Amino acid sequence: MSKTAHLSLQGKEIDLPLIEGSEQEVGIDISKLRGATGAVTVDVGFKNTGSTTSGITYLDGEQGVLRHRGYSIEDLAENATFLEVAYLLINGELPNKAEYEDWDHQIRHHTLVNEDMENIFKAWPTGSHPMGQLTAMISSLSSFYPESLNPNQSEEDQHRTIRRLIAKMPTIVAMLHKKSAGHPVIYPQNKLDYVSNFLNMTFKNITEEYEIDPIYVEAMNKLLILHADHEQNCSASTVRIVGSSHANLYACISAGIAALWGPLHGGANQKVIEMLEAIKNDGGDAKKYIEKAKDKNDPFRLMGFGHRVYKNYDPRALIIKKSCDEILDKLGIDDPVLDIAKQLEETALADPYFAERKLFPNVDFYSGIIYRAMGFPVEMFTVLFALGRLPGWIAQWKEMRDQKQPIGRPRQIYTGPTARDWVPMEKR
Ligand code: CMC
């Protein structure tokens, strides 16, 4: 097979080299295109554009395959701890026992946040969305650790920043939850593992004992793993592009959180529950809402459905759907919105509109039902997505910096007015 693509453009001929990945994906390297021809490519929304080569996550959207560093998402969700997956994403290999113990120890001992961070809450009006608060809190870590502003940190300093982020994120997320309820913050307990510590900080009431339910720990661990990375999605690309300007890692993660917030990305998990509740309150007629989703004059979209890359069932959604049944069963919860979700899915999958467009449930379709059963308010759902996605963002950032990638700066095709003369105010 030829290793080049031949382009003939306005009388100029150029051979463009092909790049082949380890899973035989093929890309056309256009890095010399503009120099040779004066033309650029245009691909709004990057539907056909690979922004990088990457060794972190492999995704085959046609087959519904997701692997991190070669390990299937099914194996990881079944067998790993979230911290193991975080280590794998960031360092490239699963940790051995000694490496894991050291990683776990380091993270347990960075969980506290500076007491001054509590002051930040005083500035926010009651009812502020926790995603906005999270972007600010994570960005503000750069003020508490100003050494992170050095873009040429030593490897050890960079690792310390990474460990700090992973350790402090659950503390900050739990803090957001407590503050929104007007309750005192619960401090981290370093004797607890990562997930138990997070649940303790979130659900323990200062006046009462709290027993951490192993069902919650298992569910949360799995949900965090399922959200841990998803290659060059909107927020990961944001983290990489912000990082490419050598902004500090806290700022990059804060930018990633902002990108995640949108309802077309991580914000969909909140919107799914709101949609299911609205359908329930409107009589629970799934078919009516499927018709609305198909109607091009109706802005309604089936939230938690469809994906830029998956043209098959999202493998994460399969695992979450199964967990959802198991967890609600174990907790003895009968949530009517789960039935509505299943009806919606069944109706949509049997409908030619969804079949032709290859629209399937995505990771956000069932996750909120589990979060709600565990007691998380709906505004916290996307924050939980961010907590899970953190190691993926860090791994993407680190890969981009390790590869010494240049600043991200796309081109455009200008379509505005051509040069014209200045018009004085009285003549306009
Ligand atoms: N409901 C109804 N129609 C849909 C939906 C939906 N949820 N998703 C896509 N379509 C239609 C869309 O109208 C278009 O139809 P047509 O070809 O007739 O114009 C076609 O399917 C292709 O959609 P698109 O918007 O061009 O596809 P995209 O790749 O640009 O968008 C998406 C992907 C995820 C933004 C979109 O499917 C969507 O808005 N889904 C709902 C929001 C959601 O669940 N987001 C979470 C994504 S998974 C978590 C994450 O990683 O972020």
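Let's start with two helices: α8 (residues 194–203) and α9 (residues 214–226) pack at an angle of about 110°, with axes 9 Å apart. That makes α8 roughly perpendicular to α9 (angles of 65 to 115 degrees get that name). Axes here are lines fitted to C-alpha atoms over the stretch in contact, and angles run from 0 to 180 degrees between N-to-C directions. Helices are DSSP runs (H or I, at least four residues), numbered from the N terminus.

Who does the touching? Two residues are in contact if their C-beta atoms, placed from the backbone, lie within 7 Å.

| α8 | Val195, Ser196 and Leu199 |
| α9 | Tyr216, Val217, Met220 and Asn221 |

By class, these residues are five nonpolar, two polar and no charged. (Ala, Val, Leu, Ile, Met, Phe, Trp, Tyr, Cys and Pro count as nonpolar, Asp, Glu, Lys and Arg as charged, and the others, Gly among them, as polar.)

A quick word on the source: this is a predicted model, where local features need pLDDT of at least 70, side-chain atom pairs count only at pLDDT 80 or more, and totals for chains, interfaces and linings use all residues. Residues are numbered from 1 along each chain as its sequence is written.

Now look at helix α10 (residues 234–243), where eight of the 10 residues are buried (20 or more other C-beta atoms within 10 Å of their own, with C-beta atoms placed from the backbone). Among them are Val239, Ile241 and Val242. The buried residues of α10 pack against α11 (249–261) and α18 (381–402).

Zooming out, the chain is divided into domain 1 (4–65) and domain 2 (77–406), with bounds from an automatic or database domain assignment. Their centres, taken over C-alpha atoms, are 31 Å apart. Across the divide, 11 residues of domain 1 are in contact with 18 residues of domain 2.

Definitions and conventions:
A residue is buried if 20 or more other C-beta atoms lie within 10 Å of its own, exposed if 12 or fewer, and partly exposed in between; C-beta atoms are placed from the backbone. Angles under 35 degrees count as roughly parallel, over 145 as roughly antiparallel, 65 to 115 as roughly perpendicular and the rest as oblique.
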